[in-house]
Amino acid sequence: MVTCTQTGVYLVDGRTLVPDTEEGRAQLLSLTGSAPDPAAARDGTMAWKILSRHNTSGRDDQLKIKFDAMASHDITYVGIIQTARASGLDHFPLPYVLTNCHNSLCAVGGTINEDDHLFGLSAAQKYGGAYVPAHEAVIHQFMREMMSGCGKMILGSDSHTRYGALGTMAIGEGGPELVKQLLGRTYDVARPGVVCVKLTGKPVPGVGPQDVALAIIGAVFQNGYVKNKVMEFVGDGIENLSVDFRCGIDVMTTETTCLSSIWSTDEKVKNYFALHGRPEAYSPLSPEKVAYYDGAVEVDLSAVRPMIALPFHPSNVYSIEEFQKNPGDILRSVEQAAQEQLGASIDLVSKLENGRLRVDQGVIAGCAGGIYENITDAADILSGGSIGDGAFSLSVYPASQPVMMKLVENGSYAKLLAAGATLRTAFCGPCFGAGDVPANGGLSIRHSTRNFPNREGSKPSGGQIAAVALMDARSIAATARNGGLLTPATDLDVTYTRPVYTFDGELYRRRCYNGIGNPHPEVALRFGPNIADWPQMAPLTDHLLLKVASYITDPVTTTDELIPSGETSSYRSNPYKLAEFTLSRKDPAYVGKAKEVAAIEAARREGKPLPQELLELVHSVPGCAGADGAQIGVGTLVYARKPGDGSAREQAASCQKVLGGWANIAAEYATKRYRSNLINWGMLPLLLAGEPPFQQYDWIVLPGIREAVAQKAPQIQAYALRDGQAVPFVLTLGDLTDDEREIILAGCLINYYRDR
């Protein structure tokens, strides 16, 4: 079904894979008539052709990218614009789309959500951007329909910014990376590796894009096969997939931890752009005759079967057929994971009835599930049937108003309603815990993007726990037709009607504000009472005294565990209020401990002396004798083995900073975007090899840290203060660009730009 090569590969004529071995190079010579030129072949990928056109550095190894357009939603755009304003923003220098799809149905916080929406509209008017009102479209559907284009690059402040199936290299990053683009700066990244994803065959009826995506994620996530690389899709199998199907696979590539994605394009993509009134956005994309890749993932589409990703990660994948052979033991492993990761118990085994799993809820939603073909196929499966009158429920969220309109016109909407499903407007809430929260102990099956802990909205620390399994819309509909008994869509004999889609762009033109390139500086930004400026942040001091305020030993820590999503997102425009939720579901004591230390730092910055006992701690460390309070920054750090998997939300880092965080220490960082968020908020992304010589609430001293950062020291000397002893150990910072070092020295991105 899915296999990964153990070597780099050459791709010949877009179809034939040749391993980068002595034997393979001989084969390549026979196929092409010439010896391979590895450097030229590396430049033959679609990814490199697009990256090189957007690179302004003049170098092939270290890139400085300027994007064609950007997108943000209503959890992120207020903070981005506030940061950019504080750094000197006067207009949007590139097309910037502000969408409202994350907090449009979340009622927490009174007027907060709509206040932020009005701020977004006023910002689009003032600075020259586009504004998509709530319920019109989820962020990625709108960008597919209206802003993608072959050969373009788009940056989004959402991790699922992926439009590769439309020939667009898109990257999801934290807000400060968008701020850099708004201020005329660049996205700086080492030249990424590129992995070939070769698709062959044709999916069997009942298999959908989520099934293919989960099969790929299951094969590459744990081994980091595509981490921070670009996934480049090629092969005969692509022509057997509709554009909707391709987009459904593509958006889930985020869960592999790749940097971006790109697909070869064809007549179907050309027709897509013509249908959406933008024929000029199409151009054919394919690799050169010989292209070199750092590896290859081969997918036989005909062998893929309906899949299920069990809690608590999209990579916890089984075919439904495989799962049903041994559901008890598999569910017990999930229960054990809940106890280990969350410290909470959930009973899933009791949901088995005569060896079959009964689930409590189904959801088809967002940028992955709310695609037109997913919903029409689900409607055909449910046509004439019923989800029953029991506890099971099914909700469906079309990804945009144009999709919704067509579902109404072709009768799919009626089929779903008649079967007992409820249809809602475009909304991302079920993807991050702000909608359709199951009952305590519930198991929801969802065609959405993630099933991390708490992404369904439960609160284990408050005695609530629920879980999500990811599935394709077709098998969710088949399960719904059986009243909640897990059923793969391939078990049903269904006639898929596949009604033709037509796009009505007038729906957007009537409601969405488009002021791209036409700023009105006289417009005043509209502030609600919850919208607050960022606090003042100090530059990096000569030395640091840091308390280990949280110590996390899980194999991976998600951004949702660092700052929970769901209803907490209503406070995203107030740094102080949102920070109150930092690590609240993982380490509830963190905020209180961080505040205690932050109070010491606040007093120090006011010129008050450090407490004598702390001063003595620092003086006990080599290199710090005689240092005074003006030279010693006091704060906190978080230790986690592999933090930052998941969302691009910068708040995972900024909330730590607001509470006095100066650093993270990790064995590795799960994603580039989380590490970038740390750097942009002036936090040290420290790396530690081996086991830590410290525990939670120990003090750590980093002597001479400012000089070490400025002088590009290969190692950072650190001391853990334990039992009256200063225990030395070594940290590193990994590769940092000169700009990143300057940002850390300045204390944050805002200071860096303000100083200039």
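## Basis

This is a predicted model, in which local features need pLDDT of at least 70, side-chain atom pairs count only at pLDDT 80 or more, and totals for chains, interfaces and linings use all residues. Residues are numbered from 1 along each chain as its sequence is written, and side-chain values use heavy atoms, with hydrogens and water left out.

## Helix α24

Helices (H or I, at least four residues) and strands (E, at least two) are DSSP runs, numbered from the N terminus. The buried residues of α24 are Gln651, Ala652, Ala653, Ser654, Cys655, Gln656, Lys657 and Val658. Their cover includes α20 (559-562), α21 (575-579), α22 (590-605), β28 (632-640), β30 (661-666) and α25 (672-680). Contact here means heavy atoms within 4.5 Å. Gly660 follows the helix, with a positive phi near 95 degrees.

Lys657 also takes part in a charge–ring arrangement. Its charged end sits over the ring of Trp662, 4.7 Å from the ring centre. The criterion is NZ of Lys or CZ of Arg within 6 Å of the ring centre and within 35 degrees of the ring normal. Lys593 does likewise over the ring of Tyr697, with its charged end 4.9 Å from the centre.

## Helix α15

Helix α15 spans residues 401-410. Its buried residues are Pro402, Val403, Met404, Lys406 and Leu407. They pack against α6 (139-146), α14 (372-382), α16 (412-419) and α19 (506-511). Just after α15, Gly411 has a positive phi of about 90 degrees.

## Aromatic pairs

The whole structure holds 19 aromatic pairs. Rings of Phe, Tyr and Trp (its six-membered ring) pair if their centres lie within 6.5 Å; planes under 30 degrees apart count as stacked, over 60 as edge-to-face and the rest as tilted. Phe67 and Tyr187 pair edge-to-face, 5.6 Å centre to centre with 70 degrees between the planes. This pair links distant parts of the chain, 120 residues apart. Phe67 is in the loop between β4 (62-65) and β5 (69-72), and Tyr187 is in strand β10 (residues 187-190). Phe67 counts as buried because its relative accessibility is 7%. Tyr187 is buried too, at 0%.

Phe694 and Phe729 have ring centres 5.7 Å apart and planes at 45 degrees, so this pair is tilted. Phe694 lies in the loop between β31 (684-687) and β32 (699-702), while Phe729 is in strand β34 (residues 725-731), so the pair ties together parts 35 residues apart in sequence. Phe694 is buried at 0% relative accessibility, and Phe729 at 8%. Ring pairs join Tyr551, Tyr639, Phe694 and Phe729 into a cluster.

## Nonpolar cores

A nonpolar core is a set of buried Ala, Val, Leu, Ile, Met, Phe, Trp, Tyr and Cys residues joined through side-chain atoms within 4.5 Å. The largest has 178 residues, and Val299 and Leu394 touch the most other members. Helix α8 (residues 209-220) gives the largest share, 7 residues. Beyond neighbours within four places in sequence, Val299 contacts Met1, Val2, Val197, Lys198, Leu199, Thr200, Val212, Ile216 and Val304. Another core lies apart from the largest one. It has 30 residues, among them Leu540, Tyr551, Leu686 and Ala708.

## Thr99

Thr99 is in strand β6 (residues 96-99). Its relative accessible area is 0%, so Thr99 is buried. Not counting residues up to four places away in sequence, Thr99 touches Ser72, His73, Asp74, Tyr77, Val132 and Ile139.

How values were computed. Buried means under 20% relative accessible area, exposed over 50%, partly exposed in between (1.4 Å probe, protein chains only).
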